[in-house]
Amino acid sequence: MSVLIVLTILSIWHGNSRALLDQGIPSTPKLPTDEAAYLHQIINQESALRMELEKQITSLQSSVYSFQQEFLAMKTENNIMKGNLSSVQHDVSRLKLENSALLRNMSTINHSAGNTVMFSAYLSTTINNPHVDQTIIFDKTWTNTNNVYNTRSGIFTAPVSGHYLFSLTVTSQSFNTHVNLIYNGKGVVTLIADIHHANYYGRGSLTLIHQMNVGDNMWVSSNDDRITNGILGRNPPLTLFTGHLLQDM
């Protein structure tokens, strides 16, 4: 509005001056005193407004810069939080895998504990002059879970299918002693308690891993009728038979 007033005044002044020139009257145009003061006041107000606007623009620019810096700081913090969240998610995934592995291990341990099968038996008295295919009955036990080894028949019966470890030690005197480890009626391996000198003890030992199904049998039998002094048994034992489940199927 101030600019429009100035232009109007200048137009009026220009028109008056032009009229004086057209009349041929030399003159020096002058604004009235009150109009000059008013014009000067308008110019001063316009200058003051321009300065105020420049201050406000500068203040706005400063605010925009501050907002930009805050935004960048928030963006950086957000990226850090995203990184931390990703790390936490990775840790959670790793912990879930470890927990699953632990649960599987616990399940395996519990399953194995539920399927514990073992026995350890020994001969407490000597068997004299055993005949061929006579079952050697180990009449005493240290360990015998669920009576899997029958101390009356001398037969081990597998309660679960799996791989079993068997150990056999036989002691004799004066003559070599031959015994067989029998699986379901068939010989698996022969053990010889060898005598190197007369009137000396002979001892033989074996260890065997054998697969068995539920209800399968394993026992020890004599396969030599020349054992005159027999298979020695006493306590502490000299002749013993042990077995345990390694892994079920």
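**View 1. Tyr183 meets its partner across two strands.** Tyr183 stands opposite Met218 in strand S8. Strand S5 (residues 177–183) and strand S8 (residues 217–222) run antiparallel to each other, paired over 5 bridges. Two strands count as paired if DSSP finds at least two bridges between them; strands (E, at least two residues) are DSSP runs, numbered from the N terminus. This is a predicted model, in which local features need pLDDT of at least 70 and side-chain atom pairs count only at pLDDT 80 or more, while totals for chains, interfaces and linings use all residues. Residues are numbered from 1 along each chain as its sequence is written, and side-chain values use heavy atoms, with hydrogens and water left out.

**View 2. The open sheet around S5 and S8.** Here 4 strands line up in the order S3-S8-S5-S6, with antiparallel pairing. Strand S3 (155–157) and strand S6 (186–193) are at the edges with a single partner strand each, so one side of each lacks a neighbour in the sheet.

View 3. Look for His210 in strand S7 (residues 201–212). His210 is buried, at a relative accessible area of 17% (buried means under 20%, exposed over 50%, partly exposed in between, with a 1.4 Å probe and protein chains only). Beyond its neighbours within four places in sequence, His210 has contacts (heavy atoms within 4.5 Å) that include Tyr183 and Met218.

**View 4. His163 and Gln247.** His163 belongs to strand S4 (residues 162–173) and is partly exposed, with a relative accessible area of 30%. His163 and Gln247 are 84 residues apart along the chain, yet their C-alpha atoms are separated by 5.4 Å. Setting aside residues up to four places away in sequence, His163 touches several residues, among them His210, His244 and Gln247.
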